Protein chains: 2
Amino acid sequence: MEVIDYAYLESILNKKNLKVTPQRLHILSLIKQFGHMDIDELYLQIKKNYPYMSLATIYKNISVMVENGILNEIKIAQQKTKYELLADFHAHFICTNCKKIEDLDIDISCILKGFDQASVQSVQLQIYGICNACQKKKNLI
Amino acid sequence: MEVIDYAYLESILNKKNLKVTPQRLHILSLIKQFGHMDIDELYLQIKKNYPYMSLATIYKNISVMVENGILNEIKIAQQKTKYELLADFHAHFICTNCKKIEDLDIDISCILKGFDQASVQSVQLQIYGICNACQKKKNLI
DNA sequence: TCAATTTTAATAAATATTATCAAAAAATAA
DNA sequence: TTATTTTTTGATAATATTTATTAAAATTGA
Ligand SMILES: [Mn+2]
Ligand SMILES: [Mn+2]
Ligand SMILES: [Zn+2]
Ligand SMILES: [Zn+2]
């Protein structure tokens with residue numbers, strides 16, 4: 001069980017002039033803990049120790065935090081949109097079998113050659129395939 | 001006005017054992033013509049010369065054709081899912097100003113080094129930024 | 001503590017997608 | 001061509017998802 005640094009989460013909100021509320025801290029702490037979450041997973045987890053939080057509050061806060069650059073939105077084929085804490089660029093490996101999402105540290109400078117620096121705002125790179133764990137399971141069958 | 005090769009579109013459906021219907025041919029011809037379309041754009045265009053086609057028919061056929069590998073689904077931030085005819089790998093440039101989508105022929109072998117060939121099924125690469133046309137308009141202001 | 005401002009919860013409203021099913025159309029065989 | 005089988009369509013009901021509304025509650029800074 002990871003210890004949550006609430007002071008850090010508060011500072012994220014403060015920097016963007018968003019008020020610190022228990023709801024927002026809880027959403028952020030879950031996303032920090034799980035890495036990549038969609039609205040339903042969030043709602044499910046939140047109901048465990050915060051049963052009275054409204055689904056609308058989650059939707060509203062997620063979109064506010066995306067707009068303010070606190071969260072990064074990741075759209076994935078055949079899955080609901082996932083959210084993660086904004087971080088340095090990294091790609092994602094998505095297992096089409098178990099749906100798990102892995103962060104990938106890939107250097108993409110080789111594909112950005114030839115682009116005007118100023119014209120590129122962000123890059124999304126997703127690699128779909130079978131993860132190691134699923135690969136092993138398949139071999140056993 | 002592009003001449004549409006219906007025989008070609010029919011062969012696409014035949015290969016997948018999907019029956020050839022005017023509705024399917026019309027959907028395919030629009031996607032071929034426009035390149036990348038979402039459900040609403042399709043419905044709008046279809047109503048022009050096919051006013052009686054049901055929205056449910058469009059949804060159903062799009063998902064059938066995605067399942068059969070005829071269409072490729074492209075999920076884009078802040079936009080509805082776009083569909084295109086399945087083609088060789090290419091990346092997409094998405095203008096965050098005018099929302100236009102451009103095909104990009106980028107060699108991604110440099111980012112797939114280190115991956116087990118067998119474990120990678122597909123790759124999605126999206127580059128968000130300001131397109132040339134919008135760049136020029138900005139400079140005029 | 002007080003007051004201004006923002007956020008929340010509940011839920012209504014609006015959008016978006018999928019399911020149902022009888023009628024129509026497509027493919028195939030006779 | 002016609003009959004038969006199978007698939008698809010259109011209409012619309014049912015679900016699912018997302019956004020809007022608003023009074024009450026919470027946050028924050030003075
Ligand atoms: Mn990530
Ligand atoms: Mn394309
Ligand atoms: Zn897996
Ligand atoms: Zn543009």
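Me: At what angle do the axes of helix α1 and helix α2 of chain B cross?
Reply: In this predicted model, the axes of helix α1 (residues 6-15) and helix α2 (residues 22-34) of chain B come within 10 Å and cross at roughly 115 degrees.

Me: And what is that arrangement called, for α1(B) and α2(B)?
Reply: The two helices, α1(B) and α2(B), are therefore roughly perpendicular to each other, and α1(B) passes α2(B) in a right-handed crossing.

Me: Which residues of α1(B) and α2(B) make the contact?
Reply: On the α1(B) side they are B:Tyr6, B:Tyr8, B:Leu9, B:Glu10 and B:Leu13, while α2(B) contributes B:Arg24, B:Leu25, B:Leu28, B:Ser29 and B:Lys32.

Me: How many of those are nonpolar, polar or charged?
Reply: The contact of α1(B) with α2(B) has 6 nonpolar residues, 1 polar residue and 3 charged ones.

Me: Switching to the metal, what coordinates the manganese ion (ligand 2)?
Reply: The manganese ion (ligand 2) is coordinated by B:His36 through NE2, B:Glu84 through OE, B:His90 and B:His92 through NE2, and B:Asp103 through OD, at 2.0 to 2.3 Å. Along the sequence, the spacing of these donor residues is H-x47-E-x5-H-x1-H-x10-D.

Me: Where do B:His36 and B:Glu84 lie in chain B?
Reply: B:His36 lies in the loop between α2 and α3 (39-49) of chain B, whereas B:Glu84 lies in strand β2 (residues 82-85) of chain B, so the pair ties together parts that are 48 residues apart in sequence.

Me: Are B:His36 and B:Glu84 buried or exposed?
Reply: B:His36 is buried, and B:Glu84 is buried as well.

Me: Why does A:His92 count as buried?
Reply: A:His92 counts as buried because its relative accessibility is 4%, where the cut-off for buried is under 20%. A:His90 is also buried, with a relative accessible area of 13%.

Me: What about the fold, how many helices and strands are in chain A?
Reply: Chain A has 6 helices and 5 strands, which follow the pattern α-α-α-α-β-β-β-β-α-β-α when read along the sequence.

Me: Last one, what does the C-alpha trace of chain A span?
Reply: The C-alpha trace of chain A spans about 50 × 45 × 25 Å along its principal axes, and buried residues make up 43% of the 141 residues in the chain. Of the contacts in chain A with a separation of 6 or more, 49% are between residues 24 or more positions apart.

How values were computed. Residues numbered from 1 in each chain as written. Chains lettered and ligands numbered in written order. Predicted model: local features only at pLDDT ≥ 70, side-chain atom pairs only at ≥ 80, totals over all residues. Heavy atoms only, no water. Buried < 20%, exposed > 50% of the residue type's maximum accessible area, 1.4 Å probe, protein only. Axes fitted to C-alpha atoms, helices over the stretch in contact; angles between N-to-C directions. Helix = DSSP H or I, 4+ residues; strand = E, 2+ residues; numbered from the N terminus. Parallel < 35°, antiparallel > 145°, perpendicular 65-115°, else oblique. Left-handed = near helix turned anticlockwise from the far one by under 90°. Contact = heavy atoms within 4.5 Å. Nonpolar A, V, L, I, M, F, W, Y, C, P; charged D, E, K, R; others polar. Donors = N, O, S within 2.8 Å, 3.2 Å for Na, K, Ca; no water.
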